[in-house]
Amino acid sequence: MTKHIDIKNVTFQYPGATEPVLNNVNLSIEKGDFVAILGGNGSGKSTLCKLLNGLIPHYYVGDFAGEVTVNNLNTLDHKVADLSRTVGYVYQDFENQIVSPRVLEDACFAPLHYGLADYRERGLRALQLVGLAEVKNAFVWQLSGGQKHLLALASVLSLNPEIIIIDEPVAQLDPQHAKVIYDILKELNEVHGKTIIVIEHHTEFVASYAKNVVLMEKGNVTFKLPVKEALNQVDILLAHQIYPPQITQAAKMIGVIDSLPITIEEGLPTFSELGPLEAHIKHSASKLNPIVSYEKVNFSYKTVSRDKKQVLHDINCTIYEGDYIALVGNNGAGKSSFMRLITGLVKPGSGDVLVDGTNTRKLSPEHLAEKVTYIHQNPEQMFIEDCVDKDVEFFMKARKVKNYRSKVEQLLEQFELTNLADHDSRLLSGGQQRRASLAIGVGMHPEIMLLDEPTANLDISTRKHITRLLDGLKDTLKAVIVATHDMQLVCEFANRIIVMHEGRIIHDGDRESVFQNYRLLEKAGLVPPQIFSFTQSLGWDQPAYTVEEFAIRYQGRDVANGVYA
Amino acid sequence: MEYTRKFSDKLSVEQVKIELLNTAYGNGDTFLAKLDPRTLFLWYLFFGIFPWFIHNVSVLVGMFIFMVVTTYVAKVSPLIIFILCLGLLGQGGYLLIVSLFFGGDLSALLPLLVLTIKLSVISLASITVFCSMNPDKLSDGLLKIKVPGQVSFSISYGYRMLPTLLEEYHHVFQSFRLRGKAPEKHGFLYIKTIGYFVKIAMLSFYPLLLSTAKRARTTVEALETKGSMYGFNHPEVKRLKLAGMKMKRKDYLFLVGSSLYVVGLFLLL
């Protein structure tokens with residue numbers, strides 16, 4: 001096969017930077033490949049991708065050395081305009097890539113501006129490919145997050161490029177929508193013969209969809225291997241803060257020596273079918289002190305077409321002291337609205353929300369802020385000052401808290417932000433931003449903490465860090481509510497799970513009652529952690545929820561059966 | 001208290017966003033909206049400038065009536081009309097007070113009324129025209145009359161970003177409220193509370209500027225890859241884009257009808 005993409009000895013340094021982001025990179029990718037690029041935050045993944053459509057070196061005029069050939073075009077000799085017809089790029093902040101107000105117009109934009117007479121047909125075809133043909137006349141601000149992502153992809157597909165690069169395709173999506181986008185990529189790859197390059201943290205998707213894996217570190221390609229081999233390098237991956245699929249971790253942990261499975265199907269023969277040690281199911285403490293209660297709450301908002309859209313229907317729910325709640329459900333199920341009602345920023349259309357016995361209708365958000373902290377899904381929306389330090393102190397300073405400076409210093413220390421104290425929060429990396437937003441929240445000394453998708457967009461080491469911090473906070477908080485798609489987090493963190501679907505609470509229970517209820521999972525669009533599904537396939541009566549639990553119970557079984565005795 | 005709540009409901013950032021978008025895009029099916037942008041430009045060129053040179057009150061009133069009709073036909077949002085009325089009354093009222101204060105008498109009222117009518121005609125003409133063209137149509141129209149592609153694109157893009165920016169502003173504003181401290185007491189005539197809100201309303205612009213700067217980077221790169229520079233520099237792209245734009249029978253009828261009406265006003269009054 002011919003080399004479709006060939007990167008030779010490329011070094012690149014952004015203007016004004018002190019170190020090169022790419023350091024003597026060599027990489028070749030063949031036509032029709034499906035490549036996943038792995039690497040921690042800041043390893044140069046995005047920069048590598050910008051080499052391919054010529055943004056580097058034509059648009060970013062830094063120090064460039066080496067040679068890049070894409071589809072037999074040398075990127076130095078061809079303009080961005082030429083290369084863009086071969087390489088389509090979907091950004092991580094894809095929303096800013098949509099430039100027209102209407103869906104079809106945006107899909108047609110590129111072919112129209114390249115002067116292709118059949119631009120409308122191209123746009124339509126691209127929309128059909130991603131399944132957006134039905135909303136072609138909608139305004140882009142009417143689309144959901146997932147649809148916007150598909151539109152950004154369609155706008156790129158309209159030029160019919162040979163190579164499609166997509167940066168973190170599923171970061172903000174629920175598992176069902178995430179699968180939709182990967183299935184589309186798979187079809188583009190297998191049916192239409194496109195070369196697909198994804199930047200991805202979720203190795204379980206990598207295992208199911210990618211053919212080859214490129215690992216990057218500090219501007220270097222550490223390796224490029226077929227997916228099975230790549231994900232088997234557990235130690236190397238862990239050293240790069242990438243977590244292989246749970247099944248692979250589990251196999252490694254119980255001491256499988258030869259090739260480790262990377263999907264559930266592969267895993268089944270690896271593990272024997274002997275019954276595991278029984279699980280100890282912990283029952284949560286008795287629930288005595290209610291702190292938040294919803295009484296027949298309805299909530300709606302006005303849409304651009306002046307209709308009312310009902311987001312929450314007749315919600316009745318009480319939250320008690322000691323509840324660590326995971327709020328789960330599809331995008332658009334009403335999770336954020338459910339939480340925002342506690343902050344007092346929005347008031348219910350009918351019904352009442354009581355916080356500590358007081359109706360939120362009578363309280364301003366400023367007042368409730370002394371008890372309730374809401375950590376935004378997108379940390380950037382919490383940054384109201386020009387540096388981390390000022391953002392963290394804002395709440396305490398406004399309330400003239402005594403010795404607030406020393407408390408700020410302490411928080412910065414706790415969240416490893418001391419060195420970044422004078423940086424603009426918006427310019428930090430995803431993980432740093434998340435830490436800053438948590439520091440702001442903890443600085444408010446709340447009784448109730450509300451977190452919206454705290455682990456989205458994070459590489460796994462940052463994710464672990466955040467989970468650890470959350471665990472540490474349990475002692476100082478009366479209750480925590482986390483809205484999330486991250487089922488691993490749900491299993492590790494929550495003692496109560498509320499499942500929402502189309503504005504209603506359809507289940508209120510714990511991980512046993514949620515994950516063992518197949519119909520509930522299907523209705524709410526939830527996908528249990530891989531290790532759970534796997535132990536279920538193995539026929540365990542009490543499936544394991546975490547890799548650690550799996551290893552202990554699996555090996556415990558051996559002990560119980562006298563294998564090691 | 002109930003009234004202030006109702007009023008603040010109407011004034012929410014959400015509501016402003018909805019009104020703006022509806023004004024910009026919501027009137028696509030009126031008679032005026034189906035006209036060619038060039039027709040509307042020509043029409044506006046006349047009614048936007050000519051009233052300054054007319055001193056005949058009856059003719060002005062006649063034109064005013066015509067403008068009221070077109071505004072009605074264009075289905076302009078009530079909020080815009082309300083703001084317009086407020087502006088006109090404020091302007092006229094303030095001039096009247098100034099003239100009275102400096103020793104004038106009620107005879108100043110008549111010339112002020114004439115001025116107000118002129119301003120009304122011009123404002124209503126502007127509202128009619130700009131509410132009948134959505135930003136895309138406006139931008140295509142400008143392109144057709146040889147305004148550079150960059151300018152016309154900016155208009156359409158600006159509107160695309162408007163809801164996003166408003167939403168972001170709203171978020172920042174809410175973040176201020178979620179962390180800030182409102183005054184304990186409302187103060188005389190709510191003065192403290194109003195002061196607090198005005199302050200955060202202004203402060204909220206700064207974070208917005210910074211994050212917009214960040215967004216713009218992706219957008220500019222994406223535009224580059226989507227061939228916008230190529231498009232601006234190649235005339236065939238412009239032809240392709242504007243291929244659907246044609247003056248039709250109703251365009252000519254509208255222009256002729258309007259001219260006859262104005263001529264009629266001069267002859268008959």
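Axes are lines fitted to C-alpha atoms, for helices over the stretch in contact, and angles between them run from 0 to 180 degrees between N-to-C directions. Helices (H or I, at least four residues) and strands (E, at least two) are DSSP runs, numbered from the N terminus. This is a predicted model, in which local features need pLDDT of at least 70 and side-chain atom pairs count only at pLDDT 80 or more, while totals for chains, interfaces and linings use all residues. Residues are numbered from 1 along each chain as its sequence is written, chains are lettered from A and ligands numbered from 1 in the order in which they are written, and side-chain values use heavy atoms, with hydrogens and water left out.

**Helix pairs in chain B**

- Helix α3 (residues 37–49) of chain B packs against helix α13 (residues 249–268) of chain B at an angle of about 15°, and their axes are 10 Å apart.
- That angle makes α3(B) roughly parallel to α13(B); angles under 35 degrees count as roughly parallel, over 145 as roughly antiparallel, 65 to 115 as roughly perpendicular and the rest as oblique.
- The residues in contact (heavy atoms within 4.5 Å) are B:T39, B:L42, B:W43, B:F46 and B:F47 of α3(B), and B:D251, B:F254, B:L255, B:S258 and B:V262 of α13(B).
- This contact of α3(B) with α13(B) has 7 nonpolar, 2 polar and 1 charged residues; Ala, Val, Leu, Ile, Met, Phe, Trp, Tyr, Cys and Pro count as nonpolar, Asp, Glu, Lys and Arg as charged, and the others, Gly among them, as polar.
- Helix α7 (residues 135–144) of chain B and helix α8 (residues 149–179) of chain B pack at an angle of about 175°, with their axes 9 Å apart.
- α7(B) and α8(B) are therefore roughly antiparallel to each other.
- α7(B) contributes B:P135, B:D136, B:L138, B:S139, B:L142 and B:L143 to the contact, and α8(B) contributes B:G149, B:S152, B:I155, B:S156 and B:Y159.
- By class, the residues of the contact of α7(B) with α8(B) are 6 nonpolar, 4 polar and 1 charged.

**Domains of chain A**

- Chain A is divided into domain 1 (3–241), domain 2 (245–284 + 529–565) and domain 3 (290–528), with bounds that come from an automatic or database domain assignment.
- The centres of domain 1 and domain 3 of chain A, taken over C-alpha atoms, are separated by 32 Å.
- Their contact takes 15 residues from domain 1 of chain A and 17 residues from domain 3 of chain A.
- An unreviewed UniProt entry carries the annotation "domain: ABC transporter" for residues 5–243 and 292–527 of chain A; UniProt positions are given in the numbering used here, feature names are shortened, and annotations may be inferred rather than shown by experiment.
- Residues 5–243 of chain A are 37% helix and 25% strand, and the end C-alpha atoms of this span lie 28 Å apart.

**A helix pair in chain A**

- Helix α5 (residues 119–130) of chain A and α6(A) pack at an angle of about 135°, with their axes 8 Å apart.
- α5(A) and α6(A) are therefore oblique to each other.
- The contact joins A:A126, A:L127, A:L129 and A:V130 of α5(A) with A:L150, A:L151, A:L153, A:A154 and A:L157 of α6(A).
- This contact of α5(A) with α6(A) has 9 nonpolar, no polar and no charged residues.

**Backbone details in chain A**

- Most residues other than glycine have a negative phi, and most peptide bonds are trans.
- A cis peptide bond joins A:I56 and A:P57, with omega about 10°.
- A:N160 has a positive phi, near 55°, and lies in the loop between α6 (145–157) and β7 (163–167) of chain A.
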